[in-house]
Amino acid sequence: MTAAPAGAPPLLTVESVDVTLGRGWRANQVLSGVDLDIWPGEIVGLVGETGSGKTTLARTVVGLVDPTRGRIVFEGQPISALRRRARRAERRRGHVQLVFQDPLRSLDPDLTVAEIVAEGLRIRGEDDGDQIRRRATAALAKVGLDATVLQRTPGQISGGQRQRVSIARALAVEPRLLICDEPVSALDASSRNHVLRLLRELRDSLGLPIVVISHDLSSLAGIADRVVVLYRGRIVEDGPVERVFATPRHPYTALLMASAPSVRDDRPLAPHQLRRSGPGPVPQDGPGACVFAARCPFAADVCAAQPPLTPVSERWSVACHRHEEWGALAPSANP
Amino acid sequence: MAIDNRKPWPDLVGAERHEGGADEVLRLDDLHVSVHNGAATAVRGVCLRVQAGEIVGLVGESGSGKTLTCRAALGVLPAGCAVERGSVSFAGFEVTALSRRDWERLHGSRMGAVFQDPASYLNPVITVGRQLAEVLRVKLGMRRRAARQRAIELFESVGLRQPERVFDQIPAELSGGMLQRVMIAIAISCDPELLVADEPTTALDVTIQAEVLELLRQLRDDRGLAVLFVSHDLAVITQLCDRIAVFYAGEIVESGPAAEITQRPRHPYTEALLRVASVGDFRRRELEIIAGQPPRVGADITGCRFAARCPVAVPECGSGQVRSVPVGDQHHVRCVHAARSVVAL
């Protein structure tokens with residue numbers, strides 16, 4: 001299933017968003033000029049390393065963090081501009097749901113599964129106990145959990161089940177957009193595939209658009225339609241998953257792919273071929289330089305200025321001055 | 001390694017000597033580990049050997065006994081756990097009955113270990129350089145100056161850039177990947193024969209993980225280090241290891257050379273793990289799962305412990321203990337189907 005019928009407006013637009021966390025000497029710019037559209041019905045994989053700003057971007061989208069510049073538009077309404085009461089009301093409606101990383105820490109250990117899943121409905125102001133219970137049970141059924149877990153606490157169920165409870169909690173309020181922060185990084189391979197399958201089924205059956213945040217490309221391979229790569233607070237590549245994985249245009253995307261472990265010997269490039277070798281100075285690494293220049297083996301003079309995210313093909317953008325040249329400069333593939 | 005400043009051997013007073021290959025660093029025979037103060041057995045009859053210059057990987061789901069096995073090898077089983085039966089021998093000496101004092105002599109100087117979360121093993125308020133130098137001074141009796149010099153060399157040898165600067169930094173100033181390199185530097189500081197690495201890269205970014213795996217391989221090549229590497233991720237294991245042991249519910253169900261295991265798996269569980277593991281070309285889109293749940297830790301099961309989840313189970317699987325049989329060069333499988341084909345030959 002491919003998403004986004006032509007001409008449909010995006011469901012969510014993130015428009016040149018900067019986010020700075022902390023103040024004064026502690027101020028740390030976490031996101032710089034992030035532009036991102038999410039269309040109805042698509043699964044977008046947001047990938048980046050620790051500290052790249054992917055969780056901050058998710059928190060900004062749901063309104064937990066305010067952008068210092070730019071705006072967030074959801075279904076035509078600029079939600080980042082809402083203040084106080086309007087903001088609270090919007091959050092309570094729960095149109096955008098965030099599934100937090102590490103369910104063991106984000107789920108209240110003293111509540112039962114039934115209470116956790118029902119909480120969102122109560123916060124939204126529903127008070128019909130029977131109906132809340134029915135909808136909580138229905139949400140749990142959607143994620144493949146039956147009534148036997150209802151009265152257990154998060155500590156009494158397995159890691160994979162906990163992750164599904166987190167998803168059920170988000171689904172109970174019938175969101176229009178689901179954002180999952182590292183939904184599978186704590187799980188082993190079999191449970192990981194289980195949860196990923198579930199997300200894909202939710203998209204297919206409910207038409208629910210989903211953003212999956214991950215530090216690891218391989219967990220997006222089975223489900224994402226589109227992949228967005230963040231590096232130090234900037235989007236460096238954004239494109240259809242098959243095409244990006246077939247020929248990554250940004251050297252960092254290529255490095256991420258080469259570094260992902262594989263049970264087969266099938267990687268076109270080894271990671272050391274995409275790393276800067278030797279501790280030599282990096283002439284392009286000044287203020288305003290390309291964020292990746294310091295690690296990039298292909299950096300040249302032009303990289304002393306940050307390249308903008310530029311379209312290279314239909315719905316495929318890259319922020320690299322040398323996206324057409326570096327492929328030829330990379331050492332030849334494994335014989 | 002140029003300098004061999006290890007204390008003279010033998011320093012394990014009263015340890016029983018085993019026969020074994022000259023290069024055999026670690027050998028586990030019929031190891032049983034009990035948990036919950038003896039109420040259940042979580043590791044059942046593990047046999048494993050690790051030779052000098054070899055990287056052996058233990059892979060399995062959580063609760064499969066892989067971590068308990070390597071903790072038993074290090075003599076650091078958690079409270080309530082004990083070696084119930086079987087033997088652990090290190091460099092030819094039986095170590096299961098060692099005193100605490102003798103273990104302390106082995107730790108650091110002849111066995112090194114790194115774990116998943118390096119920050120929790122380092123003192124947050126002391127510079128990492130002093131923490132490494134302290135090991136050198138206590139274990140090798142080095143003077144302050146020499147220890148500092150050696151520490152900086154070690155930091156450089158594990159790929160830390162600007163080692164003098166790193167020496168004076170505290171853990172909070174270093175990234176996860178750098179801290180794991182510091183832990184590896186500490187673990188190899190006294191030139192041990194064995195390095196035990198329990199999920200050392202699980203918390204790291206993939207690009208950093210690839211660098212740490214390369215470092216371990218390089219240490220093996222340069223120093224002839226024997227490495228026992230534990231991970232739940234078969235892809236990481238196959239990338240790094242020479243030999244693999246697949247754990248399921250406390251038993252090794254298949255072991256053998258890495259290439260053999262990935263290309264010709266003989267146990268249905270190994271096959272299933274390979275199907276769910278990640279591959280590097282990313283274009284594969286089917287998401288396989290292994291049906292069912294692993295048994296409770298220490299569950300009492302007659303016959304094959306995987307039978308309940310096995311797609312090719314036959315009544316014979318539940319009828320008695322399934323033995324591990326050789327199916328190739330160093331390749332052993334615990335499955336009735338493999339046993340049958342061996343008998344047929």
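The contact between the two chains takes 30 residues from chain A and 33 residues from chain B. The model is predicted, and it scores pTM 0.88 and ipTM 0.85.

**The chain B side of the contact**

- Helix H7 (206-223), helix H8 (234-240) and helix H10 (268-276) of chain B are the elements that give two or more residues to the side touching chain A.
- H8(B) gives the most to this side, with 5 residues.
- By class, the side of chain B that touches chain A has 14 nonpolar, 10 polar and 9 charged residues.

**Helices H4 and H5 of chain A**

- Helix H4 (residues 113-123) and helix H5 (residues 129-142) of chain A pack with their axes 9 Å apart, at an angle of about 120 degrees.
- The two helices, H4(A) and H5(A), are therefore oblique to each other.
- Their crossing is right-handed.
- On the H4(A) side, the contact is made by Ala114(A), Val117(A), Ala118(A), Leu121(A) and Arg122(A).
- H5(A) contributes Ile132(A), Arg133(A), Arg135(A), Ala136(A), Ala139(A) and Leu140(A).
- The residues of this contact of H4(A) with H5(A) divide into 8 nonpolar, 3 charged and no polar.

**Confidence in chain B**

- Chain B has a mean pLDDT of 89, and 91% of its residues reach 70 or more.
- Over residues 1-10 of chain B, the pLDDT is below 50.
- Beyond near neighbours in sequence, this stretch of chain B has 8 contacts in the model.

Note on methods. Residues are numbered from 1 along each chain as its sequence is written. Chains are lettered from A and ligands numbered from 1 in the order in which they are written. This is a predicted model: local features need pLDDT of at least 70, side-chain atom pairs count only at pLDDT 80 or more; totals for chains, interfaces and linings use all residues. Axes are lines fitted to C-alpha atoms, for helices over the stretch in contact, and angles run from 0 to 180 degrees between N-to-C directions. Helices (H or I, at least four residues) and strands (E, at least two) are DSSP runs, numbered from the N terminus. Angles under 35 degrees count as roughly parallel, over 145 as roughly antiparallel, 65 to 115 as roughly perpendicular and the rest as oblique. A crossing is left-handed if the near helix is turned anticlockwise from the far one by less than a right angle, and right-handed if clockwise. Two residues are in contact if their C-beta atoms, placed from the backbone, lie within 7 Å. Ala, Val, Leu, Ile, Met, Phe, Trp, Tyr, Cys and Pro count as nonpolar, Asp, Glu, Lys and Arg as charged, and the others, Gly among them, as polar. pLDDT is the predictor's confidence in each residue, from 0 to 100.
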